[in-house]
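Let's take a walk through this structure together.

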Amino acid sequence: MKRDIRRVSLFYDDVGKLVSFGVVEERLIIGSYGLNIVNMWDALAPYIYKERMLTTRAMVYFEDLAARAKARPMDSVHAQLRLGHCPP
């Protein structure tokens, strides 16, 4: 289980790095993963904060990405992009 937590955390931390350094546009990531970012951060934050107490300040980019996703909900990105609908 601990390995899975680390793998997911590292994925979102790496995505957060890409956003923080302007390699990938924030809207693209939040529009695609926004709700998952927030949910994963909320679920994993206790583990990450515990790791920070024991070692180094881990997953800072993941935390920043979660803060950005909370401030700019996925639905607002979709509305801004004026995504089309195609009902069945």
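K70 has a relative accessibility of 47%, so this residue counts as partly exposed; the class sits between buried, under 20%, and exposed, over 50%. Keep in mind that what you are looking at is a predicted model. Which residue does K70 pair with in a salt bridge? The partner is D42, and the closest N and O atoms of the two are 3.0 Å apart. K70 belongs to helix α3 and D42 to helix α2, so this is a link between distant parts of the chain, 28 residues apart. D42, at 42% relative accessibility, is partly exposed as well.

In general, side chains of opposite charge can pair when their charged atoms come close. You'll find 10 salt bridges in this structure. In one of them, the side chain of E26 meets that of R68, with an N to O distance of 2.6 Å. E26 is part of helix α2, while R68 is part of helix α3, which covers residues 60–71, so this pair ties together parts of the chain that are 42 residues apart in sequence. R68 itself is partly exposed, at a relative accessible area of 25%.

E26 also meets R72 in a salt bridge, this time at 3.4 Å from N to O. Here R72 is in the loop between α3 and α4 (74–81) and E26 is in helix α2, so the pair ties together parts 46 residues apart in sequence. With a relative accessible area of 26%, R72 is another partly exposed residue.

Now step back and look at the whole chain. How many helices and how many strands does the chain have? The tally is four helices and zero strands. Starting from the N terminus, the elements follow one another as α-α-α-α. The C-alpha trace spans about 50 × 30 × 20 Å along its principal axes. The chain has 88 residues, and 28% of them count as buried.

Next, the largest pocket, which holds about 260 Å³ of space. Its lining is made up of K2, I5, R6, S9, Y47, I48, K50, E51, L54, T55 and M59. Two elements, α1 and α2 (26–54), each give two or more residues to that lining. Which of the elements gives the largest share? That is α2, with five residues. Sorted by class, the lining has five nonpolar, two polar and four charged residues.

M59 sits in the loop between α2 and α3. Is M59 buried or exposed? At 7% relative accessibility, M59 counts as buried, since the cut-off for buried is under 20%. The backbone of M59 has a phi near 60 degrees, a positive value in a residue other than glycine.

R82 also has a positive phi, of about 55 degrees, although R82 is not a glycine. You'll find R82 in the segment after α4. R82 has a relative accessibility of 74%, so this residue counts as exposed.

Let's finish around the end of helix α1, which runs over residues 2–20 and includes L18. L18 is partly exposed, with 38% relative accessible area. Together with F21 and V23, L18 forms a nonpolar patch on the surface. What accessible area do these residues have together? The figure is about 330 Å².

G22 is in the loop between α1 and α2. At 57% relative accessibility, G22 counts as exposed, because the cut-off for that class is over 50%. From G22, look across to L81: the two are 59 residues apart along the chain, and 19 Å separates their C-alpha atoms.

Notes:
Residues are numbered from 1 along each chain as its sequence is written. This is a predicted model: local features need pLDDT of at least 70, side-chain atom pairs count only at pLDDT 80 or more; totals for chains, interfaces and linings use all residues. Side-chain values use heavy atoms; hydrogens and water are left out. Patches are made of residues with over 30% relative accessible area and no salt bridge: like charges are joined within 9 Å, nonpolar side chains (Val, Leu, Ile, Met, Phe, Trp, Tyr) within 5 Å. Accessible areas come from the Shrake-Rupley method with a 1.4 Å probe; for residues, only the protein chains shown count as cover. A salt bridge is a side-chain nitrogen of Lys or Arg within 4 Å of a carboxyl oxygen of Asp or Glu. Buried means under 20% relative accessible area, exposed over 50%, partly exposed in between (1.4 Å probe, protein chains only). On a 1 Å grid over the protein atoms alone, a cavity is a set of points where a 1.4 Å probe fits but cannot get out, and a pocket is an open set with protein on both sides within 12 Å along at least five of seven lines; lining residues have an atom within 4 Å of a point. Grid points are joined across faces, edges and corners, and a volume is the space filled by probe spheres set on the points. Ala, Val, Leu, Ile, Met, Phe, Trp, Tyr, Cys and Pro count as nonpolar, Asp, Glu, Lys and Arg as charged, and the others, Gly among them, as polar.
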